[in-house]
Amino acid sequence: MPTPDAPTDDALMAAYAGGSAAAFEQLYARHQAGLYRFVRRLLGPALNAQTDEVFQDTWLRVVQARARWQPQGASFRTWLYTLAHHRVIDMLRRSGRELSLDAQADDGDAPWEPDTTAWQGWPAPASAAPQSEELAFWRRAGEQLLACLEQLPLPQRSAFLLHHDDGLALDEVAHALEVGFETAKTRLRYAMSKLRTCMGAHLAPLTGGGTR
Amino acid sequence: MTTPHDEPPRDAWLREALRHAPDADAAPPAELSAAILRQARDAVKVAARPAASSHPLLQLWSWLARPPVAAGFATVMVATLVGVMWWDKPLDETLPRSEPPAATVAQSSAPAPTPAPAPASIATPLAEAAPPHAQEEAAKATTRAAKEAAPATTARREDARERASTERARSIASDELRARSAASAAAPPPPAASPAPAPANESPAKPAIADARDDAAVQRGAAAQGFAKSAPAPAPAAAPAQRRQEAATLTPVIDQPERWTWQRGGAEQAMTPGLQRWLVQLDRAVRWQPADTAPPADGVVVLRLRRDGTLHATLQLGSDTAWLTPAGGAPVMAPLSPATAAVLQAALIAATP
C-alpha cells in the first residue's frame, strides 16, 4: 500500500498518460502482486498456465488506454481489476469452460445467515507469531480454501477475492464487477456462506486450539 | 457510497486461510515484469517522439509530410511549372497564324479565290534576279530565329514581347486600313486570282516556315485589297509571286528588328516600333508588280533598310507609286492612290524623324 506522502494511483496514472514511464513503474510495483494473485485464483489450477498471459494482457490494456483514462467514478485500482476480470472471462470462454455469470441462479432465495459454529474449534486468526502447529493448520486451511474457491461460481469467487484478499470496499467491488451494490453484496454473502460450509466440512478443528 | 453499516465484515478466518494459501506469495516472473515495463516505456517514447521535434524546421517538415499538405503543394508546383513552360513557349512559331476577322469578311464578300500554289515559272524579276544565296540566307535566318528562341529564359521573354508588340502593331494597322477602305468603297472588288500553274522550279528545300509566312502574306494582301482597290489591279497570275517577293524583303524587318537599321537622308538609325508599324501598314496597302518605270530622282521619300549594316533594300514612296529595290536585284513597284500615298508618306515621316 502507498505511504501517505506517496502520490495516489490516479495521480500516477495521470503522470504516465503525460509521458512519465517512472509513474507506471510505481503503479506496477504497487499492484503487480495482488493483481497476479487475483488472476491466478480466478483462473484456478486448471488454467494456471494462462495466468501470465492474462496478467500481461491486463497491463497492456492499461498502457494502451492511458490517454483515454479518466479518474471519474472509479479509482485506478478498481479499473485495473475490472480489466483483469474481463480478461479472465475471455480466457475462460476461450478455454471452453462453462461460465455462469448469473451467480444467484442456482442459489435460491435463502437469506444468508452468519454462521460462526464452523470456526469454533479453529485457532485465532490474528495471532502474531503462530506456533508451528498453528502454521501447519493455516497452511492446510489455505490449500482447502483454494479448493473451495474452485467450487464457487465466477461472480461469487471474484467478489470474495476482491473483498477479502485485495481489500476493496464493497462499492469498489461493485464497480469492479460492474454490478449494483446490492448484487455485489449478495454475491459476497453467498460466497462466504459456501466457503465456511466447505471449510468446516473438510478441515478438522485444531485440537486444543484457541477460540474466537 | 457504502457506509460502515452496509459494509459486511470480512471473515478473519477466511482471510487468514487466504494469507496462508500456497499461492499467497505468487508473483509474476521477472521476465514478464521486465517485458511489461519495457512495453510501457516504449509506448511513452513513441508518443513523445513527435512532440520532441520542437525545432521549427522539423515542425515544418512534419507539416509538409502530411498527405493533404503534400498533395496541395505538389499541385501548386505542377501548376507553376506548366505556367512557366507555357509562358516561355514561342507561340508564333508553333501555332498557325490566325487571320483577323476582317480578312474573313472581305473574302466572303468577294469571290473565293482558288488556292494557288506558288508558281515559280512566273516569278517576279526581283525573285529571279535574287542571287541563290538569298534564299539560303532566308532559310538560315529562319533557322537562326528558331535557335534564338531556345536560349535563356529572359531573352525568350523579350523576344515574345517584341513579337506580341509587332502583332499588336499589325492589328492596329489593319484596323486603320479597314476603316479607310470602308470610307472609300467605290470600285468593285478585284477579280479573283485564277488558278496558277503547278510549281515546277521551286526549290524543295525551302523552309516550311517561310512558306507559311508567304501564304500569310498573300492572305494579308487579300485582306488589304479594300484599301488598294482604287489603284490599278496587277496581273492576276503575277500577284502571288509578287507577294512572295515583298514578303521576302520586308518580313525579316518585322521579325528581326534588332538586326535592322534604317536611313532616311540623315544618319543610320536603329529600327523602331513606329517604323515597324509603318512597314506593316505598307505591307497591307500595296500590291507589288514588276517595275516598268524607274523611280524618279525627285519628289519621293527614300528609305534605305540595312541589315547587319549592309544595304538590303531601298524603298521609295512617290505621290502615286511605291518602289522597292532589293540590293543587287530588280526593282518592283506598286501603284497607289494619291490619298494612300499621302497617308503613307505622312506616316513614314512621322515614324522616321
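Q: Which residues is Leu145(A) in contact with, leaving aside its neighbours within four places in sequence?

A: Two residues are in contact if their C-beta atoms, placed from the backbone, lie within 7 Å. By that rule, Leu145(A) contacts Leu195(A) and Met199(A), and from chain B Leu14(B), Ala17(B), Leu18(B) and Ala21(B). A word on the source: this is a predicted model, where local features need pLDDT of at least 70, side-chain atom pairs count only at pLDDT 80 or more, and totals for chains, interfaces and linings use all residues. Residues are numbered from 1 along each chain as its sequence is written, while chains are lettered from A and ligands numbered from 1 in the order in which they are written.

Q: How many residues does each chain bring to the contact between A and B?

A: Chain A brings 41 residues and chain B brings 35. On the side of chain B that touches chain A, 23 residues are nonpolar (Ala, Val, Leu, Ile, Met, Phe, Trp, Tyr, Cys and Pro), 8 charged (Asp, Glu, Lys and Arg) and 4 polar (the others, Gly among them).

Q: Which residues of H14(B) are buried?

A: A residue is buried if 20 or more other C-beta atoms lie within 10 Å of its own, exposed if 12 or fewer, and partly exposed in between. Helices are DSSP runs (H or I, at least four residues), numbered from the N terminus. In H14(B), the buried ones are Thr340(B), Ala341(B) and Leu348(B). They fall within an arc of 95 degrees (directions from the helix axis to the C-beta atoms), so they line one face of the helix. The face turned away carries the exposed Pro338(B), Ala346(B) and Ala350(B).

Notes. Helix = DSSP H or I, 4+ residues; strand = E, 2+ residues; numbered from the N terminus.
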